[in-house]
Amino acid sequence: MNRSNAPAIKDAVEFDVLLKPYEKFTLDNGIPVYVVKAAEQDTLQLELVFPAGSWHETESLVATATNFLMKNGTAHHSALEINEAIDYYGAYLNRTCAHENATYTLHCLSKHLPALMPTLQAVIQEPSFPEEELAIYKQNMKQRLVVNLQKSEFVANRYIDKYLFGEFHPYGRVSSMEGYDALQTETLKTFYQRHYTYNNCRIFMAGNVPGNAIDLLNERFGKAQWNGNSHIVKPELPIQPAEEKKYRIFNDENGVQGSIRIARPFPNRYHPDFSKMLVLNTIFGGYFGSRLMNNIREEKGYTYGIHSQVHNFRQTSAINITTEAGRDVCEAAIVEIYKEMERLQTELIPEDEISLVRNYMIGAILGDLDGAFHIITRWKNLILNDLDEHYFYNNIRMIKEISVEELQHLAKLYYNPGEFYELVVI
Amino acid sequence: MIHYDKFTLENGLRVLVHEDQTTPMAVVNVLYDVGSRDENPAQTGFAHLFEHLMFGGSVNIPDYDEPLQMAGGENNAYTTNDLTNYYIQLPAENIETAFWLESDRMMSLAFSKKSLEVQRKVVVEEFKEHYINKPYGDVWAKIRELAYTTHPYRWMTIGKELSHIENAKLEDVKAFFFKHYTPVNAILVVGGKVTLAQVKELAEKWFGDIPGGEKYERHLPQEPAQTAARKLEIKAKVPLDALYKSYPMYPRSDRRYYAADLVADILGGGSSSRLHQVLVKEKKLFSNIDCYHFGSLDAGLITIEGKLVKGVKMEDADTAIKEEIRKLQSEDINERELQKVKNRVESMLAFEDISLLSRANNLAFYELMGDASLMNSEFANYDQVTAEEVHAETLALLDDKNSNTLYYYADNQ
């Protein structure tokens, strides 16, 4: 046996990547329920999604605060009683508020679902927004903000979003002391009533789904026209990118590292270049073997990690390169980032590198489709963006087939250093 | 119930196989029985730095990551105070690539000078990113120094100071490798779409001819029982005062560990816990407060951690915590509250078992503790704990003379 020779492999591009289909049910009042079942586990994930993200708020932080505080008091139960009811069954009821949508996610042992349904129903259908809970929320969020503002990476993320989208756009707007101070329970109630209605609700369920799960959902969420009917129109909000491209900011005079952000606007997922860019971005800075990692971490040791990502924002997107580098090597790291961009513009990607990246990406997707929770997440992202499995399979095809010439063309279009915002926060 | 088979190669390498035919993937997990507790006090941070060097090429394979990525795989590793763990996930058809890579670096590293030079810098940046350039980043270094006088848990995995990492020498790297990175000190877990026969053949083929090495016998200095409360006050450039109280706990394999874990959860696990409800919601002294521990193999610490609401005095916050502890100690444990924390454990264990990777990680961990089958009796161990045992532990663990209190003041000048 010669240990220098690698064992034979099956190229991952030869794998058939299949997105397991969902089952769809419709509750009596019309709410769609998307289900991916996995009988071999004991656990369940149930998500309720509403068009209640920050895009829809007219005052800063209202969407997030509404989403957060629905769980902190209902018509008949205090925050403590709700937390007790969830914790008693070892369940987790998490809330998230993103740009477009807001979500409540229940994770529990399947056997406890019936016992948890009344609490879930109360949180979604009759939150009361107690004054005292809002006061505690404001105080605690302001304290958290003060701590975060001392972190260079947090500050850098805020600035770069502001440059890309403008501070009045939901993608570029940031939290502030004044924003928290201005929150009022009446505003939250109004926002809740308009956005968390039965006709705007979509449900995603995965895992060990009990046989009576749809009946349980119908009983709690499918009978009434709870919270009424409201027609949400998504307002058009143009982005307002900054004029100036280069920034150096001192947040802490004694900081030992700088947070580097190099970013530019990029079209959204509906643009034909989007799925191509996912491949180019992976080569550039999207995995451990990427060019940025190899050069700036593994060759020079300037940083613990450097990453490039393509944001998947709905209206418009961005490419963003992020790293925390030693204070005295920040400028050198930026020079190298641009060098790597230019290399992709001027030299064709070698055959062994592109085939490695194709294999790596397919392998990662295979791993990522493992288990019902992951599969429903894929479906949710497609469905909420008005897409279907063709989009998924088109991305797979792109990974397997895009040519190095096409990738070079893409680099020439989008990797021009002069078109990037450049920020260092120390 | 997690099914697995176990066999041992002649060189002493323990191999566990967890078949799961529902996935197209396979996981290969290699755990080495060495952590930062095994370091020389003058060379702390070494076990973790070494973990980085394991990716710098091995005796026959100049680059670890490339062939793995070519096979559609991903990998990572972590070092704790107790152990070092490496794991790969890849399409099951390509599992032999993982055997090839892991066996070669168990056989011997390339010991490249360049890799050492670069990774020293990378780890120094990791140190800065997580422990220097973040508010409260040095808290755990302080707590460990306060709560441990003797046991090597008194330093952090990343190391005590930057100079220890900067001074690491290639001879030290070699000595460390041949002492700890041997079959007899390792546990291999293979999981996913594989069969026992296939793993037996591959393990024999790739790991069978590696010399077994010497079993590392651990003789760590033991921490003497604490006899008096300890306290440290520091000022740092942070925006808010923070308060930490740590109490020595039991080793992971002690029967009382389970009751102790439940005590921590009753006190400060989740938003219905006592500390959160009384001190954040009712008295409004803290903006957040938790009670937790790390589940370490030797005696760890139960720690209460909270940030004070601006304007609240440190002494008042401390008194309020002590009052909650006294209340817990003076009452019988409420059966519903006990059932709640047991249900939380049951659920947490079930969610951990969803991921193939986490099942493989855990099998290796329990095997390190002595027997992988412990993984399947873990919930029963919690379920058997009685209210009386929990009550006894509230008194034994949370005795004020066992406390290590850190007042972390915001320096507002």
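**View 1. Where domain 1 of chain B meets domain 2 of chain B.** In this predicted model, 31 residues of domain 1 of chain B are in contact with 25 residues of domain 2 of chain B (contact here is C-beta atoms, placed from the backbone, within 7 Å). On the domain 1 side, the elements giving two or more residues are β2 (14–19), β3 (25–32), β5, α5 (139–147) and β6 (186–192) of chain B; helices (H or I, at least four residues) and strands (E, at least two) are DSSP runs, numbered from the N terminus. The top contributor to that side is α5(B), with 5 residues. Sorted by class, the side has 15 nonpolar, 9 polar and 7 charged residues (Ala, Val, Leu, Ile, Met, Phe, Trp, Tyr, Cys and Pro count as nonpolar, Asp, Glu, Lys and Arg as charged, and the others, Gly among them, as polar). The domains run over 5–207 for domain 1 and 230–410 for domain 2 of chain B, with bounds from an automatic or database domain assignment. Their centres, taken over C-alpha atoms, are 29 Å apart.

**View 2. The domain pair of chain A.** Here the assignment gives domain 1 (23–222) and domain 2 (246–425) of chain A, and their C-alpha centres sit 30 Å apart. Contact involves 22 residues of domain 1 of chain A and 28 residues of domain 2 of chain A. Look on the domain 1 side for β2 (32–37), β3 (43–50), α5 (152–165) and β6 (202–207) of chain A, which each give two or more residues. Of these, α5(A) gives the most, with 8 residues. That side splits into 13 nonpolar, 6 polar and 3 charged residues.

**View 3. Chain B against chain A.** Across this interface, 57 residues of chain B are in contact with 56 residues of chain A. Elements of chain B that put two or more residues into it include α2 (65–70), α3 (95–107), α10 (274–282) and β9 (286–292). The most come from α4(B), with 8 residues. The chain B side is made of 20 nonpolar, 18 polar and 19 charged residues.

View 4. An unreviewed UniProt entry puts "domain: Peptidase M16 N-terminal" at residues 37–146 of chain A; UniProt positions follow the numbering used here, feature names are shortened, and annotations may be inferred rather than shown by experiment. This span, residues 37–146 of chain A, is 43% helix and 21% strand, with its end C-alpha atoms 43 Å apart. The unreviewed entry also has "domain: Peptidase M16 C-terminal" at residues 184–359 of chain A. For residues 184–359 of chain A, the end C-alpha atoms lie 52 Å apart, and the span is 40% helix and 22% strand.

**Notes.** Residues are numbered from 1 along each chain as its sequence is written, and chains are lettered from A and ligands numbered from 1 in the order in which they are written. Local features need pLDDT of at least 70 and side-chain atom pairs count only at pLDDT 80 or more, while totals for chains, interfaces and linings use all residues.

Note on methods: Contact = placed C-beta atoms within 7 Å.
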